[in-house]
Amino acid sequence: MENTTHLVLCVDDEVVGLRVRKILLERAGYQVLTAADGYSGLELFATHPVDAVVLDYSMPGMHGGEVAKRMRETKPEVPILLLSAYVGLPLEVSSLVDVYMTKGEGAPALLEKLDSLLSVPAAARLA
């Protein structure tokens, strides 16, 4: 599947994980923006035509749940995939995102879930 029309924003405070995810997504055909914290992620989200977000949960300053909440307030149609090392997250966090997955699920699962999110029309996700 050719994804060159899709712009994905990755937000993660772990530099190595962010770099690896960027390479993985670019090799899969996505255009990728990266942010090392929630604040810069929100700025990129507001100023670029982002098609999807891959968001880390545990970050200093502002965790992924707070970032997702703010993103939903401005562009509710953009799908958010939340990544976490934690197995269980509070319902008030997981209810803000389209897909939640653990980092241990690996690259193939990330690509599959992201492809799936981007193939569903926004109206169907918001219904």
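This is a short tour of the structure above, one selection at a time.

**Before you start**

The model is predicted, so to speak of local features a pLDDT of at least 70 is needed, side-chain atom pairs count only at pLDDT 80 or more, and totals for chains, interfaces and linings use all residues. Residues are numbered from 1 along each chain as its sequence is written, and side-chain values use heavy atoms, with hydrogens and water left out.

**Stop 1: the whole protein**

Switch to a cartoon view. You will find six helices and five strands; these are DSSP runs, with helices (H or I) of at least four residues and strands (E) of at least two, numbered from the N terminus. Followed along the sequence, they give the pattern β-α-β-α-β-α-β-α-β-α-α. The radius of gyration is 13 Å, close to the 14 Å of the globule rule for 127 residues, so the protein is as compact as a globular protein of that length. (That radius is taken over C-alpha atoms, and the rule is 2.2 Å times the number of residues to the power 0.38.) Along the principal axes, the C-alpha trace spans about 35 × 35 × 30 Å.

**Stop 2: the cores**

Of the 127 residues, 45% count as buried, meaning under 20% relative accessible area, with exposed over 50% and partly exposed in between (1.4 Å probe, protein chains only). In soluble globular proteins, nonpolar side chains tend to be buried together. A nonpolar core here is a set of buried Ala, Val, Leu, Ile, Met, Phe, Trp, Tyr and Cys residues joined through side-chain atoms within 4.5 Å.

Select Leu 9, Val 50, Val 53, Leu 55 and Met 71: they have the most contacts inside the largest nonpolar core, which has 24 residues. The elements giving two or more residues to this core are β1 (7–11), β2 (31–35), α2 (38–47), β3 (52–56), α3 (64–74) and β4 (80–84). Next, colour Val 8, Val 32, Ala 52 and Met 101, which are included in a second, separate core of 17 residues.

**Stop 3: Ile 80**

Select Ile 80 in strand β4. Is Ile 80 buried or exposed? Its relative accessibility is 0%, so Ile 80 counts as buried.

**Stop 4: Met 59**

Move to Met 59, in the loop between β3 and α3. At 8% relative accessibility, Met 59 counts as buried. Beyond residues up to four places away in sequence, Met 59 has contacts that include Val 11, Asp 12, Asp 13 and Val 67. Now draw a distance from Met 59 to Pro 76: they are 17 residues apart in sequence and 22 Å apart in space, C-alpha to C-alpha.

**Stop 5: the largest pocket**

Show the surface. The largest pocket has a volume of about 160 Å³. On a 1 Å grid over the protein atoms alone, a pocket is an open set of points where a 1.4 Å probe fits, with protein on both sides within 12 Å along at least five of seven lines; lining residues have an atom within 4 Å of a point. Grid points are joined across faces, edges and corners, and the volume is the space filled by probe spheres set on them.

Which element gives the most to the lining? It is α1, with five residues.

Finish on Thr 102, one of the lining residues. Thr 102 lies in strand β5 (residues 99–102), and is buried, with a relative accessible area of 18%.

Conventions: Contact = heavy atoms within 4.5 Å.
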